[in-house]
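Here is a friendly walk through one protein model, written for someone who likes to look at packing. Please keep the sequence and the 3D view open as you read.

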Amino acid sequence: LTHQAMSDELDKKVEGLSVDEKNAPKPHPQPETIYESFVSDLKAFFDSVDGRVKLIHETFNQIALGNGKPPPPPQFISFLLDLTEDQIKSAGTEGPVVTYDQFILAVKRTIFENETKADFESKFLVHIKSATVRMLHAKKLIKEIRPDLTKFHEKVAGDADKLFDWFKEMVPADVKDQVTKEYFLCAVMRNPPDSAKVPLEDFIFGLEANLDETDSADKILAVCSKF
């Protein structure tokens, strides 16, 4: 499992965020000249997450952390993607879905003045490529074991304490003691920290968003069998 948990505050339009106008980075005047060489990689990533905002957000979190920045809050991601009220209202159990054009708009908004293709590739694209591989693996794996995960969730009745114990069995031994229930509920399951139960779709999405290429059906189902 990976630990999902991008940039500085850019625009005063983002509610709740302040901007240092003097020191804020300026947008690139022609961002297309930077990312156009990597369109196939960007499209592959977008397809791997099916335009799901939650998974785009998780990837942008990793981009931020990989560049020594704090993870961006949801309202900043909404701004980057130009998320509409209709998209939020019509969202299903996996949250809002955006178009490819909206995703590209977000990419444009992360490219700053004086940045080069090499800068873009090292700070952004390397994480996008890694996320694509991981998400394709996770999507295939979840499709395979969804029925078993549903049965497991029913078995423990969605109990937050039992699911937390299950999650601790999944994480690497060297970080097991660092994982708190609050982290599990808020960062992984995206539920309030005092939740007594975790809905099925939140449980499955939380797992999908945190799987990596080392995870397998046998490994996950073996842990489920312990409960």
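How many helices and how many strands does the secondary structure of the protein come to? The answer is 11 helices and zero strands, where helices (H or I, at least four residues) and strands (E, at least two) are DSSP runs, numbered from the N terminus. Along the sequence this gives the pattern α-α-α-α-α-α-α-α-α-α-α.

A word on the ground rules: this is a predicted model, in which local features need pLDDT of at least 70 and side-chain atom pairs count only at pLDDT 80 or more, while totals for chains, interfaces and linings use all residues. Residues are numbered from 1 along each chain as its sequence is written, and side-chain values use heavy atoms, with hydrogens and water left out.

Of the 227 residues in the protein, 46% are buried; buried means under 20% relative accessible area, exposed over 50%, and partly exposed in between (1.4 Å probe, protein chains only). The largest nonpolar core has 62 residues. Such a core is a set of buried Ala, Val, Leu, Ile, Met, Phe, Trp, Tyr and Cys residues joined through side-chain atoms within 4.5 Å. Leu 42, Phe 103, Trp 166 and Ile 220 have the most contacts inside the largest core. H7 supplies the largest share of this core, 12 residues.

Phe 103 takes us to helix H6 (residues 100-108), where Tyr 100, Gln 102, Phe 103, Ile 104, Ala 106 and Val 107 are buried. The buried residues of H6 pack against helix H1 (32-35), helix H2 (39-49), helix H3 (53-66), helix H4 (74-81), helix H5 (85-89) and helix H7 (117-155). Contact here means heavy atoms within 4.5 Å. Leaving aside neighbours within four places in sequence, Phe 103 is in contact with Leu 42, Phe 45, Phe 46, Ile 56, Phe 60, Leu 81 and Ile 128.

Ser 48, found in helix H2, is buried, with a relative accessible area of 1%. Not counting residues up to four places away in sequence, Ser 48 touches Thr 132, Met 135, Leu 136 and Lys 139.

**How the helices pack**

Axes are lines fitted to C-alpha atoms, for helices over the stretch in contact, and angles run from 0 to 180 degrees between N-to-C directions. Angles under 35 degrees count as roughly parallel, over 145 as roughly antiparallel, 65 to 115 as roughly perpendicular and the rest as oblique. By class, Ala, Val, Leu, Ile, Met, Phe, Trp, Tyr, Cys and Pro count as nonpolar, Asp, Glu, Lys and Arg as charged, and the others, Gly among them, as polar.

H3 and H7 have axes 10 Å apart and pack at an angle of about 135°, which makes H3 oblique to H7. The contact of H3 with H7 has seven nonpolar, four polar and one charged residues. On the H3 side are Leu 55, Thr 59, Phe 60, Gln 62, Ile 63 and Gly 66, which meet Lys 123, Phe 124, His 127, Ile 128, Ala 131 and Met 135 in H7.

H3 also packs with H4, at an angle of about 105° and with axes 11 Å apart, so H3 is roughly perpendicular to H4. Val 53, Ile 56, His 57 and Phe 60 of H3 make this contact with Pro 74, Ile 77, Leu 80 and Leu 81 of H4. These residues divide into seven nonpolar, one polar and no charged.

Leu 141, Glu 144, Ile 145, Asp 148, Leu 149 and Phe 152 in H7 meet Ala 217, Ile 220, Leu 221 and Cys 224 in H11. This contact has eight nonpolar, no polar and two charged residues.

**Residues in the loops**

| Residue | Loop | Relative accessible area |
|---|---|---|
| Pro 71 | between H3 and H4 | 34% |
| Asp 82 | between H4 and H5 | 44% |
| Arg 190 | between helix H9 (181-188) and helix H10 (200-210) | 31% |

Asp 82 has phi near 55°, a positive value in a residue other than glycine. Arg 190 likewise has a positive phi of about 55° although it is not a glycine. As for Pro 71, its C-alpha atom and that of Glu 58, 13 residues apart along the chain, are separated by 8.8 Å.
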